[in-house]
Amino acid sequence: MRTIKAEQVIDAVAKMCVSANRYLPEDVKKRFNECAAAEDSPAAKEVFRQIKENWELAAESGLPLCQDTGLAVFIVEMGEDVRVEGMNIRDAINEGTRKGYEEGFLRKSSCDPLTRANTKDNTPAIIHFDIVPGDKIKITFMAKGGGSENMSRVTMLAPAQGWEGIKKFVIERVAEAGPNPCPPTMVGIGVGGTFEYSALLAKKSLMRKVGEPHPDPEIAKMEAELMEEINKLGIGPMGLGGKTTVFDVKIEMRPCHIASLPLAVNIQCHSSRHEEVEL
């Protein structure tokens, strides 16, 4: 059994919270440059120019990419042969979140659902655990802004609606969202499982790198088909029109009940702030 000190988890999480909010990921930059080069619309080109200027200024100044520094969302792959010493791992991740958002001068957005009283430290973080073989801990962080999260939906389709029903719902959801999630977006889709698990699948799909297709060729084909159809909507960067409404579409799929077809759509803004560490 391998032992990791809680301080290592706290420091790693704090650094991820700050770094992901300040520096645009390289996979996003790559797709950004590809899409910007392909745009014809003057308005779209100008939006791309402003987005690039923003990420350069954030990197130079240490200020966040966006004023909405999001809720802290974590996917944790916990090895069966590793333990955290000194603190429960959930508590360590929350302490790291608290430290990162405080020391990085990041906006704290976590509040009571009804009173709206702010928790003042952006905790408790949203943490999902997977138990995996091995003696390592892999922590993937996403800063999830409210504008994009609000555009997300879960539905239960009839099994007979199949792929055509999935496509229809996803395309309509992106069209209805319009400029609200700050396009070009990443669209995460969870198909199967149960009501709540489809939403988690959609969230997990957004943790994959932009431009990285699903390893299953059939699912990768579905992702490409949806991306093409969504970009035909012409919503464009920040909703001002253009060829690029989405940077990427990600699908995760699991078996479901014979009577059900759960479907979740989780939208992420153009910054797609994510980072991972392995301890």
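Mentor: Thr245 lies in the loop between helix H8 (217-231) and strand E8 (246-256); helices (H or I, at least four residues) and strands (E, at least two) are DSSP runs, numbered from the N terminus. The model is predicted: local features need pLDDT of at least 70, side-chain atom pairs count only at pLDDT 80 or more, and totals for chains, interfaces and linings use all residues. Residues are numbered from 1 along each chain as its sequence is written, and side-chain values use heavy atoms, with hydrogens and water left out.

Trainee: Why is Thr245 called buried?

Mentor: Buried means under 20% relative accessible area, exposed over 50%, partly exposed in between (1.4 Å probe, protein chains only). Thr245 has a relative accessible area of 2%, and is therefore buried.

Trainee: Which residues are in contact with Thr245, leaving aside its neighbours within four places in sequence?

Mentor: Contact means heavy atoms within 4.5 Å. Among those in contact with Thr245 are Val174, Pro183, Ile230 and Gly236. The backbone nitrogen of Gly236 also lies 3.0 Å from a polar atom of the Thr245 side chain.

Trainee: What makes strand E4 (126-132) and strand E10 (274-278) edge strands?

Mentor: Four strands form an open sheet of mixed pairing, in the order E4-E2-E5-E10. Each of the edge strands, E4 and E10, pairs on one side only.

Trainee: How do you know that strand E5 (residues 137-144) pairs with E10?

Mentor: Two strands pair if DSSP finds at least two bridges between them. Five bridges join E5 to E10, so the two strands pair, and they run antiparallel. Thr140 stands opposite Glu276 in E10.

Conventions. Polar contact = N/O pair within 3.5 Å; in protein donor to acceptor, adjacent residues only side chain to side chain.
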